[in-house]
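Colleague: Hey, can you walk me through this one? I'm new to reading structures.

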Amino acid sequence: MPNMSHAHGKMGGGRRAKNPMKTLGRLLRYTFSRNKFATACVVVFVLLASVANVTAASRVSIIITELMDHGANADMSLIYGNIIAMGCIYFVGSLTSFLYNIIMMYIAQGTLKKMRDDMFAKMQGLPLKYFDSHTHGDLMSLYTNDVDTMRQLLTQTIPQMISSIITLVAVLVFMVMYSFTLLVVVLVVLAGIAYATKVIGGRSAKYYLANQKALGALNGYVEEMTEGQKVIKVFCHEQQAREGFKELNDKLNEAGSKANTYAFIMGPINNNLGYLQYVLIAVVGVLMMALVGETGLLSIFCSVMSAETANRMAVMAGMLVSFLMFTRQFNMPVMQVSQQFSAIVMALAGAERIFEMVDEEPEDEGGDITLTHGESAEGEWAWKKPVGDGKFEYIPLKGDIRFNDVVFGYTPEKVILKHITLYAKPGQKIAFVGSTGAGKTTITNLINRFYNIQSGEITYDGINIRDIRKSDLRRSLGVVLQDTHLFTGTVMDNIRYGRLNATDEECIKAAKLANADSFIVHLPEGYQTMIRGDGSNLSQGQRQLLAIARAMVSECPVLILDEATSSIDTRTEKLIEQGMDKLMEGRTVFVIAHRLSTVRNSKAIMVLEHGEIIERGSHEQLIEQKGKYYQLYTGAFELE
């Protein structure tokens, strides 16, 4: 079985952010601009936590100096006072750290919720061509993989980055105050840590992105194979399915192994460099203490030193211990950020993809003519057209649709419809027949303004449809597609989807007209039966009958039936036609059908070939012409 799922991971991973700093800045503004007070609290608490930890470390120097300088005669009240002060300071640091992490968690969750809301709201306003150019797997990965990569960034990495910056600044200030010489040692080793992080982290990020891409492809393949289990078993493709899965799983294993290998060796390398830093600082510190002594290194191990020298040595020892603690506090944020390097890269790539979708141009609503009911003198449905000075002209909605020399192509390079001219008067049934790809469905898509034409004009009751607001235009059209889609909910809810204010009686009436009532009443709970998984507990024909009932209850003046009866047996189809004949009274109907028996009673039949109307007329007229339609009807030529 061919694998069509590899594209599913395209948006969920596989490339770096084009401009990571710009994306990070936008993400920070998006996160914190709506939470200014909470953000201020986070900054204050992070500042208190960082300063508390650094300040507590400085107290150690005082304690050690006092003990070494006075020994048994040390001022214990001073020592105990500093120990108590350290405990209080660490308690404040722990409390503020707990508080800013809790606040940041709520900010992050709120941001992710708002982002999903914005994404879904934006998606509802995007034009159909956007969904034509992005697979369902691509779009789903925005809500799952890409949003999830930002969860860790917002809840852990960003707070750690804020804390790290404040901690580094505070520690650097204290290090400069204590010993510039030891600070140079710290910065030299830090340069080595930064270089190792850049080299190893870059390779780790590369394989993590490949891992995300392979994961997306594997998830898409599993989804496709799960949905197609019946087809797989019918054609005995179990072995091929297993081989396809093994191939994708091997790629995921290889990428994941390499990514984790580089990620895991980064920690030990940086930790060993940190230990080396400790050793170097200790050695340099001891040498500095030795230089203070009157007789060099011997003064450290002998008792022959002056009281002044002993005092200076005690101060140096206290300074060295505190400096070692500062070094630990300095290295910790650096290590934490370096360990999350790959996660940062992936999160920024995910944020960039989400912002790209949010920045997509929304569908243009079009003109200023709207659809109203009860406002006109007749009190019926009418087009409300502004004429200036706050006045309006009301044009009765009849369903008169005309194509005047319409040219259209999904891309400028490839024209699909060539100079199409046709008209459908109110109450007429117009049918389109022709081979697959001839342009039948495209014509109905243009009536809905899913796409804009290159040239020509389409009018609705004499109004150019470009001047009608799209939402109002589509509200006047009832559509039954070949690919039926039902939503999770009851049978009644799915019928009422055509008109949300329809009563139960109106929904049942529509179901009876569509001949759906006969099977609905035999369902376990009748009209209150829950539909699962796009109607998986119904047959294809039953799903299509519900879609027809949905269009019937909409009471739209224009109906578009795109292979609406393709999955219904001929007997049921005749019963539906009887109900639809009643429904079509006073309504314009466009029908696309491969079964020519369903279009015999059409007012006009259009035969399309390569985007052009090659024949038109009633069934009898086309039979008399003995052209393409005659060949199709008599079986001399079959539709592809």
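Modeller: One term before we start: two residues are in contact, or touch, when they have heavy atoms within 4.5 Å. Take Tyr 629, which touches Val 433, Leu 596, Val 599, Ile 605, Val 607, Glu 615, His 619, Leu 622 and Ile 623, leaving out residues up to four places away in sequence. Keep in mind that this is a predicted model.

Colleague: Okay. Which nonpolar core residues have the most contacts inside the largest core?

Modeller: They are Val 491, Ile 495, Phe 519, Ile 520, Leu 546, Val 599 and Tyr 629, in a core of 39 residues. Helix α17, residues 540-553, gives the most to this core, with eight residues. Apart from that one lies another core, of 37 residues, with Ile 369, Leu 417, Ala 424 and Phe 590 among them.

Colleague: Let's zoom out. How many helices and strands does the protein chain have?

Modeller: There are 20 helices and 15 strands. The chain has 640 residues, and 47% of them are buried.

Colleague: Now the sheets. What's the strand order in the open sheet of six strands?

Modeller: The order is β9-β12-β13-β6-β14-β15, and the pairing is mixed. β9 (477-480) and β15 (612-617) stand at the edges with a single partner strand each, so one side of each has no neighbour in the sheet. From one strand to the next, the twist averages 15 degrees.

Colleague: In which sense do β6 and β13 pair?

Modeller: Parallel, over four bridges. β6 covers residues 429-434 and β13 covers 588-592. Lys 429, for instance, has Val 589 in β13 as its bridge partner.

Colleague: What about the open sheet of four strands, what's its order?

Modeller: That one goes β5-β4-β7-β8, with antiparallel pairing. Its edge strands are β5 (417-424) and β8 (463-464), and each pairs on one side only. Two bridges join β7, residues 455-460, to β8, and Tyr 460 stands opposite Ile 463 in β8.

Colleague: Which strands does helix α12 lie across?

Modeller: β4 (401-408), β5 and β7. The helix itself is residues 440-447, and it runs at about 115 degrees to β4.

Colleague: Switching topic: Lys 384, buried or exposed?

Modeller: Buried. The cut-off for buried is under 20% relative accessible area, and Lys 384 has 17% relative accessibility, so it counts as buried. This lysine lies in strand β2, residues 381-388. Lys 384 touches Asp 368, Ile 369, Thr 370, Thr 372, Glu 375, Phe 392, Glu 393 and Tyr 394, again not counting residues up to four places away.

Methods. Residues are numbered from 1 along each chain as its sequence is written. This is a predicted model: local features need pLDDT of at least 70, side-chain atom pairs count only at pLDDT 80 or more; totals for chains, interfaces and linings use all residues. Side-chain values use heavy atoms; hydrogens and water are left out. Buried means under 20% relative accessible area, exposed over 50%, partly exposed in between (1.4 Å probe, protein chains only). Two strands pair if DSSP finds at least two bridges between them. Axes are lines fitted to C-alpha atoms, for helices over the stretch in contact, and angles run from 0 to 180 degrees between N-to-C directions. A nonpolar core is a set of buried Ala, Val, Leu, Ile, Met, Phe, Trp, Tyr and Cys residues joined through side-chain atoms within 4.5 Å.
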